[in-house]
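Here is a walk through a protein chain, one stop at a time. Have the viewer open and follow along.

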Amino acid sequence: MPVISNLLFQKPIYYVTRDIERALGLPPQTKGYYIISNLTEYSKKIAGGQKNILLIDAKKTLDTAELLAHIQTKNFIPHGANIIIFKNTSRIEAICAKNDWILLNPTATMSKIIEEKISQVKWLDELSRYLPPHKINIAKNITFDDTPFILQFNRAHTGLGTLLIESKKQLTKIQ
């Protein structure tokens with residue numbers, strides 16, 4: 001931890017995330033570590049009034065791009081600051097560039113290639129044989145043969161695109 005503390009002292013990091021629990025890989029009181037998130041009862045409890053945590057009170061839960069674009073964030077993060085976010089997008093890259101912030105995440109293009117299921121199979125190439133048995137198809141072409149199976153969408157957030165299909169009715173609803 002001393003190495004991280006020394007690095008953060010020299011060049012602080014601002015973690016911007018819609019859900020504060022994503023930023024808790026380091027203790028919130030770590031010097032040189034700043035968190036920006038939505039104001040919730042939970043985030044208020046985590047922040048405990050610490051000055052390195054900015055909680056934005058909005059009418060709705062703001063996504064990462066909306067948090068980055070918020071006026072309070074712009075006033076909180078200095079030019080040239082290092083930014084970390086949970087998942088990069090081209091919109092987030094543009095906001096960071098416009099505000100002269102250094103985004104430490106892999107590029108949005110790279111993240112998309114690595115995280116999306118179909119491109120994973122492609123870039124893994126020979127190594128894709130180590131994946132569980134799989135077929136790539138569009139939902140309308142899939143049939144149910146009375147054997148339950150896992151259906152995964154190419155893109156989804158934290159497992160929400162992974163479904164256990166147990167009936168023809170369930171599959172038809174998705175199609």
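Let's start at leucine 103, which sits in strand β5; strands here are DSSP runs of E with at least two residues, helices are runs of H or I with at least four residues, and both are numbered from the N terminus. Leaving aside residues up to four places away in sequence, leucine 103 touches Ile83, Ile85, Asn88, Ile92, Glu93 and Cys96, where a contact means heavy atoms within 4.5 Å. Glutamate 93 is 10 residues from leucine 103 along the chain, and their C-alpha atoms are separated by 7.2 Å.

Before going on, some housekeeping. This is a predicted model, in which local features need pLDDT of at least 70 and side-chain atom pairs count only at pLDDT 80 or more, while totals for chains, interfaces and linings use all residues. Residues are numbered from 1 along each chain as its sequence is written, and side-chain values use heavy atoms, with hydrogens and water left out.

Now zoom out. The chain's secondary structure comes to eight helices and seven strands. How does the radius of gyration of the chain relate to that of a compact globule of 175 residues? The chain has 20 Å, whereas the globule would be near 16 Å; the radius is taken over C-alpha atoms, and the globule rule is 2.2 Å times the number of residues to the power 0.38. Along the principal axes, the C-alpha atoms fill a box of roughly 60 × 40 × 30 Å. Of the 175 residues, 32% are buried, with buried meaning under 20% relative accessible area, exposed over 50%, and partly exposed in between (1.4 Å probe, protein chains only). Among the contacts with a separation of 6 or more, 35% come from residues 24 or more positions apart.

The chain has 23 positive and 15 negative charges, and their mean positions are 5 Å apart. Lys and Arg count as positive, Asp and Glu as negative, and His and the chain ends are not counted; each charge is placed at NZ of Lys, CZ of Arg, CG of Asp or CD of Glu.

Next, the rings. Two numbers describe a pair of aromatic rings: the distance of the centres and the angle of the planes. Rings of Phe, Tyr and Trp (its six-membered ring) pair if their centres lie within 6.5 Å; planes under 30 degrees apart are stacked, over 60 edge-to-face, and the rest tilted. That rule gives four aromatic pairs. Tyrosine 14 and tyrosine 34 count as stacked because their ring centres are 4.5 Å apart and their planes are at 10°. This pair links distant parts of the chain, with tyrosine 14 in strand β1 (residues 13-16) and tyrosine 34 in strand β2 (residues 33-38), 20 residues apart. Tyrosine 14 is buried at 7% relative accessible area, while tyrosine 34 is partly exposed at 24%. Another pair, phenylalanine 144 with phenylalanine 149, is tilted, at 6.2 Å centre to centre and 40° between the planes. Here phenylalanine 144 is buried at 17% and phenylalanine 149 is partly exposed at 22%. Back at the tyrosines, ring pairs link Tyr14, Tyr34 and Phe76 into a cluster.

On to the backbone. Most residues other than glycine have a negative phi. Aspartate 100 is not a glycine, yet has a positive phi of about 60°. Look for aspartate 100 in the loop between α5 (90-98) and β5 (102-103), where its relative accessible area of 46% makes it partly exposed. Aspartate 146 also has a positive phi, about 70°, without being a glycine. The loop between α7 (117-124) and β6 (149-152) holds aspartate 146. Is aspartate 146 buried or exposed? With 69% relative accessibility, aspartate 146 counts as exposed. Serine 167 is 21 residues from aspartate 146 in sequence and 6.9 Å away in space, C-alpha to C-alpha.

Last stop, two helix residues. Lysine 44 lies in helix α2 (residues 41-47) and is partly exposed at 43% relative accessibility. Beyond residues up to four places away in sequence, lysine 44 touches Leu39 and Leu55. Isoleucine 4, in helix α1 (residues 2-10), is partly exposed at 37%.
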